[in-house]
Amino acid sequence: MASNPPGQCCASGFKHEGTPVGEIKTVGGVNTYVTLPKGQKTEKAILFLPDVFGIYTNSQLLADEFAANGYATVLPDYFREDALKLEDMNSGKVDVPSWLKNHQAEQVEPIVGAALKYAKEELGAKKIGAVGYCFGAKYVVRWLKADKVDVGYVAHPSFVTHEELAAIQGPLSIAAAETDNIFTTQLRHESEDTLIKTGQRWQINLYSGVVHGFAVRTDLSDVYQKWAKEQAFCQAIQWFKNFL
């Protein structure tokens, strides 16, 4: 595998503070967070595929940041109101392997498809980028294909197979953590070999001193971790500016 299945470290982290500015809409029968840039421009859109916590403050605030940088952003609840909760994690109630059984590709991908259709047909997006954090990274990779997603960015990816990575048909950027038992050093190097063979543009940035989940759930009271999170976001924005 290009990255291991999600584990207990997927269900850990810090809740960030702020007031989301987007709206919850119903898209394909599920709740979807939609946030638009100034001027309501929607020619370029981001399909935001979240970690196991789904639509919550951290993912909404990140989606708002993508919108603030000029991209209409669509964040679907592909867990159908069954996302993990930070409070359950903190109380030790999280059982990721059991939860994952109800959230396989056959359940997730129809919702991803509906969100993509909404971005194209309802928002009128001409070009689509996709971002994926942890769990969501698998579906960025799977959907980085002609007539689907044009450009991809993932952070600390989970559950991606080498076959999926080898099949990408567009530019892909990866933000990796130094300490990550899911996207390990060995798997990162194996992924480099796989990406070289695709013939696509690709990038892997490695951030020292941080762990799996840092790009979305880091401790913002730690100056370095906050910097790393912000740099990982800047990495995504620069990638989309160049390729989307």
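Predicted model: local features only at pLDDT ≥ 70, side-chain atom pairs only at ≥ 80, totals over all residues.
Residues are numbered from 1 along each chain as its sequence is written, and side-chain values use heavy atoms, with hydrogens and water left out.

- Eight strands form an open sheet in the order 1-2-4-3-5-6-7-8, and the pairing is mixed; two strands pair if DSSP finds at least two bridges between them.
- At the edges sit strand 1 (23-27) and strand 8 (202-211), each of which pairs on one side only.
- On average, neighbouring strands here are turned by 25 degrees against each other, direction ignored; the axes behind such angles are lines fitted to C-alpha atoms, for helices over the stretch in contact, and angles otherwise run from 0 to 180 degrees between N-to-C directions.

**Strand 7 and its partners**

- Among the facing residues, Tyr153 stands opposite Ser173, and Ala155 has Ala175 as its bridge partner.
- On to strand 8: strand 7 pairs with it over seven bridges, again in the parallel sense.
- Strand 7 is largely enclosed by the rest of the structure, because six of its eight residues are buried (under 20% relative accessible area; exposed is over 50% and partly exposed is in between, with a 1.4 Å probe and protein chains only).

**Helices against the sheet**

- Helix 7 (residues 185-198) packs on the sheet and touches strand 7 and strand 8, with its direction at about 170 degrees to that of strand 8; a contact means heavy atoms within 4.5 Å.
- Helix 9 lies across strand 3 (44-49), strand 5 (127-133), strand 6, strand 7 and strand 8, and runs at about 170 degrees to strand 8.
- With 21 residues (223-243), helix 9 reaches 30 Å from first C-alpha to last, close to the 30 Å expected (1.5 Å times one less than its number of residues).
- Buried residues in helix 9 include Phe233, Ile237, Trp239 and Phe240.
- At the start of helix 9, a side-chain oxygen of Asp222 comes to within 3.0 Å of the backbone nitrogen of Tyr224.

**A buried alanine**

- Ala115 belongs to helix 4 (residues 105-122) and is buried, at 1% relative accessible area.
- Leaving aside residues up to four places away in sequence, Ala115 touches Val27, Leu47, Val74 and Pro76.
- Ala115 and Phe48 are 67 residues apart in sequence, and their C-alpha atoms are 9.4 Å apart in space.

**Two positive phi values**

- Most residues other than glycine have a negative phi.
- Gln40 has phi near 60 degrees; it lies in the loop between strand 2 (30-35) and strand 3 and is exposed, at 52% relative accessible area.
- Phe159 has phi near 70 degrees; its place is the loop between strand 6 and helix 6 (162-166), and it is partly exposed, at 23%.

Key:
Helix = DSSP H or I, 4+ residues; strand = E, 2+ residues; numbered from the N terminus. Polar contact = N/O pair within 3.5 Å; in protein donor to acceptor, adjacent residues only side chain to side chain.
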